[in-house]
Amino acid sequence: MPAVSKGDGMRGLAVFISDIRNCKSKEAEIKRINKELANIRSKFKGDKALDGYSKKKYVCKLLFIFLLGHDIDFGHMEAVNLLSSNKYTEKQIGYLFISVLVNSNSDLISLINNAIKNDLSSRNPTFMNLALHCIANVGSREMAEAFAAEVPRILVAGDTMDSVKQSAALCLLRLNRTSPDLVLMGEWTARVVHLLNDQHLGVVTAATSLITTLAQKSPEDFKTSVSLAVARLSRIVSSGSTDLQDYTYYFVAAPWLSVKLLRLLQCYPPPEDGAIRGRLTECLETILNKAQEPPKSKKVQHSNAKNAVLFEAISLIIHHDSEPTLLVRACNQLGQFLQHRETNLRYLALESMCTLASSEFSHEAVKTHIETVINALKSERDVSVRQRAVDLLYAMCDRSNAKQIVAEMLSYLETADYSIREEIVLKVAILAEKYAVDYTWYVDTILNLIRFAGDYVSDEVWYRVIQIVINRDEVQGYAAKTVFEALQAPACHENLVKVGGYILGEFGNLIAGDSRSSPLIQFDLLHSKFHLCSVPTRALLLSAYIKFINLFPEVKGTIQEVLRSDSQLRNADVELQQRAVEYLRLSCIASTDILATVLEEMPPFPERESSILAKLKRKKGPGNLHPDLDENRKERSANGGTADHSSTTSNAKVAASPTPSTDLLGLGSTITTQNSAPPASKGTSLLVDVFSENIAAFPVETPVAVGPVADENFSRFVCKNNGVLYENQLLQIGLKSEFRQNLGRMYVFFGNKTSTQFMNFAASVVCQDTLQAQLNVHAKPADPTVDGGAQLQQILNIECMSDFVDAPVLNIQFRYGGTLQNIAVKLPITLNKFFQPTEMTSQDFFQRWKQLGAPQQEVQKIFKAKHSMDTEVTKAKIMGFGAALLDGVDPNPSNFVGAGVIHTKTTQVGCLLRLEPNTQAQMYRLTLRTSRDTVSQRLCDLLSEQF
Amino acid sequence: MMHFLLLFSRQGKLRLQKWFTPIPEREKKKIVRDMTTMVLGRKPRSCNFLHWKDLKIVYKKYASLYFCCGLDAEENELLALEVLHRYVELLDKYFGNVCELDIIFNFEKAYFILDEFLLGGEVQETSKQVVSRSIEASDMLQETMEEYMSKPAF
């Protein structure tokens, strides 16, 4: 049969294809194609009406040309005409052209939809299938609008042919993926579930895919599918190898359907009904048993299909995480695969074991395979297998084997493929910190990381080592000695210079007693690297130098000489110049006491576990890489924290001049400069003011209410405006707010939850410190009493003067039953409230994106998802955040892109944002680009907390 | 779900492309480029699976042609290999000892067969008999050869 139909006689097409194949060069090919295009165009435009055959042939040629990679800008109309042909092959070519070439916003869509409608109602199963395939292939919104109601009807109608049901099920699945809002659940829902009982295994296969997708979105509605799926699975698993006829694939009974059913069951927890649960366990045991049986065929297809079912069963066992026996059996099975001669199986075993390592029942069992995994890291020839081995080592690491695993990963790093180095660096850094008992080991490990793979050590990693050294007295001397030795290397990585500069600046005195590392030698060593470094590192080194002046008065002259040189004082970079000028002045003017205060050792960073690390501990999957990513924020709050420790630095901050001790790390140095720093020349005089007599005049204490400020619900309001802000046993505070440009109004509702009246009720809003100048909040006076069970409303008028970070505090005071109550709540007035969404085209977006390309304008954060990564929820959050959600701008459809303008009284700041989810790793990357660095940072901080 | 299926030759010439999600043309070209360089650069006897962005890539070489697909993270790689194999079998049954040239000259048939087998990135029908039967049935609907032979070539 096939020989007859081959090519269906479109000789012209065959001739054209061989012509193209015979072209000796790209130019010849293009020439031939242009000739053909001209020919087709003239035929289409000609006076003579073309018959169906010719149309089909030319449309097919156009399709071929398009698939070769050339643009096609005509012929669509002719293809649409073919749809209404009653000759099957013409219709078929028409549909093929449409599904390959027509994009959703085509003007022809209504004509196409019309043709599809006719075919759907034709009752001819072949035509109906063509039409359904076309909807499923194009899947555009317009098609969803036109057919989302019709397709379910076809799917569940009693007289629909099996093959049409299959197409309809997957067509509906596609529409549900692209336009879930248009596919409405209804009476058909229950009937779809019953397709799991259908006699035709092809129908069951297609329906299971549909049900799985729907069940992921609304598990409640499809709960009944669990028992049906278990029953079906049980029948397949226990059937003989030939019972299912053509659905048996190389002696494996219905592998596709089995895998899909197992996947469907992974949408649900273990069945509660004991009988169903027992039956499922039986199925899983049978599948595990079959793995031990001798193969029924030597063909790779047999073992692939059989193991595909096995791996899916193991996924379900891991998902349920409730049957220790099954988990351990699964682990043993994977252990066998780790040494299998098939690379594919070794790869998959490593991958599956990663998830198994996170179950408490099987963690120990996984650990027994450590030697095999390490061996895989060393001996596998295939980089993708080695990558899985790294993931698994990371997942199986705990206190007992951390030193071994970290050492193995470090030694692998020296030869590792470039593509995976950064990831390994992060993993090593996380493990080293997490399992460090002896911090000298930790310091050595991180320095080795920088030595072996300095380019791949991200900022977070070296920030972290500095924080840890600062916080742990016992390791400071060792760290100073070690970095000093490491810096001796003739070529050392810039990251090492950063760490070295910082640590010697803080703790160089601890090794200065040794004549081999005297102050001058330390300084010369650091300064020998200075000219090879980038600007931020040089800035950091300058800060280290001023710290040296404090630590070692004997090198003061040498350092002043360096600062005084033209290459510093007149440096083209404003930051370097400013630091040189200020540090020089500071070293000349300030007394030793003042120097000692200003440049004292950094206070400890507050040790609090980041939320990401906590999450990592709960479920340490292979993708959890960044527990420390909010270090940046930590850093900032630590900087803020210095204000409490030393009044001088705090005052310096108030006086709006860059304070050496708060920004030694070079973090946010530009922020201070742009935000508040006066020009360099004025800077010195201000500094002098700061150190003059009237220091005491600065109030250090701010008038804050007694007790802690409640902010539990604060972050919930970032993307929405209404809701309950605070609640305790007495009082509930609700909010309703609206914002327009730089103005806002907030209605605060105070609900008395008791039956007793609140007396002397007073609520006021306080903007502390710098916020005073940035945000005006005017509270209208409210009644001094709130009756029991009653609600009091207060209106706040808000005006945003300039961009801001902190939030105002709502202080509430009242008397309840004789006791005075004080409550302070952080008011969720955040910078993003003054967003106005901006719609723009893809072209505009990227043009602006490029314009905002300066390093300080972009802030990026990679973080772990805290909630399930649902596209619709994410969209709603971005819109709630205030930006316009731009569709079709990002080439990757799973990314989100937004744009808007922040309105303040003084300026307007254009903002672009991009959120890239990585569902596999459960991570996001968020990038903000705005014309103001402070705005980028603040918006990034706010939004990244929302996912 | 499968996101795309590509068939390309050892020289990196694309022979068939099927996209199951809406992707802009420029991005498609980039994916094709990435896939061909990545897959063609693999050493023989490497494993058939790769990670690329959020997707799992599964590929296999049949004679001079590479079959390569991109899958969601939760998909089963081994079964995807068998999807590729089943497609090869279907082509083979239809063309009779299929070779690269068959797919070049009858590209539209290759697409039609694929549509019967995979839809919306999911397996629609796994039975070889059922798929072949529906392809045969549609061929029966075709006009006779004579009718075509009487038409001019251009």
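B:Leu5 touches B:Leu16, B:Gln17, B:Lys18, B:Phe20, B:Cys68, B:Cys69, B:Leu84, B:Tyr87 and B:Leu114, leaving aside residues up to four places away in sequence (a contact means heavy atoms within 4.5 Å). The model is a predicted one, in which local features need pLDDT of at least 70 and side-chain atom pairs count only at pLDDT 80 or more, while totals for chains, interfaces and linings use all residues; side-chain values rest on heavy atoms, with hydrogens and water left out. Residues are numbered from 1 along each chain as its sequence is written, and chains are lettered from A and ligands numbered from 1 in the order in which they are written.

B:Leu5 also turns up in the largest nonpolar core, which has 269 residues; A:Ile116, B:Leu5 and B:Tyr87 touch the most other members. Helix α2 of chain B (residues 77-95) gives the most to this core, namely 12 residues. Another core of 61 residues lies apart from it, with A:Phe739, A:Leu775, A:Phe835 and A:Ile878 among its members. A nonpolar core here is a set of buried Ala, Val, Leu, Ile, Met, Phe, Trp, Tyr and Cys residues joined through side-chain atoms within 4.5 Å. Buried stands for under 20% relative accessible area, exposed for over 50%, and partly exposed for what falls in between (1.4 Å probe, protein chains only). Helices (H or I, at least four residues) and strands (E, at least two) are DSSP runs numbered from the N terminus.

Chain B comes to 6 helices and 7 strands, and along the sequence they follow the pattern β-β-α-β-β-β-α-α-α-β-β-α-α. Of its 154 residues, 65% count as buried. Among the contacts in chain B with a separation of 6 or more, 48% come from residues 24 or more positions apart.

Over in chain A, helix α42 (residues 871-881) has A:Thr874, A:Lys877, A:Ile878 and A:Phe881 as its buried residues. Seen down the axis of α42(A), they fall within an arc of 95 degrees, so they line one face of the helix; the arc is that of the directions from the helix axis to the C-beta atoms. The cover over these residues includes β12 (835-837), β14 (884-885), β15 (896-903), β16 (908-918), β17 (923-930) and α43 (933-944) of chain A. Just after α42(A), A:Gly882 takes a positive phi of about 120 degrees.

What about the strands covering that helix? Strand β15(A) is largely enclosed by the rest of the structure, because 7 of its 8 residues are buried. It pairs in the antiparallel sense with β12(A) over 3 bridges, where two strands count as paired if DSSP finds at least two bridges between them. A:Phe835 has A:Ile902 as its bridge partner in β15(A). Strands β14(A) and β15(A) run antiparallel and are joined by 2 bridges, and A:Leu885 has A:Gly898 as its partner in β15(A). The pairing of β15(A) with β16(A) is antiparallel too, over 8 bridges, and these two strands form a hairpin with 4 residues between them. A:Gly900 stands opposite A:Cys911 in β16(A).

Chain A also holds an open sheet of 5 strands, with antiparallel pairing and the order β4-β5-β6-β9-β8. Its edge strands are β4 (723-727) and β8 (775-779), each pairing on one side only. Within chain A, β5 (residues 731-740) and β6 (residues 743-752) pair antiparallel over 10 bridges, and A:Arg740 has A:Leu743 as its bridge partner in β6(A).

Most residues other than glycine have a negative phi. A:Gln922, however, has a positive phi of about 60 degrees although it is not a glycine. It sits in the loop between β16 and β17 of chain A and, at 26% relative accessibility, is partly exposed. B:Lys53 likewise has a positive phi, near 50 degrees; its place is in the loop between β3 (49-52) and β4 (55-62) of chain B, and 48% relative accessibility makes it partly exposed.
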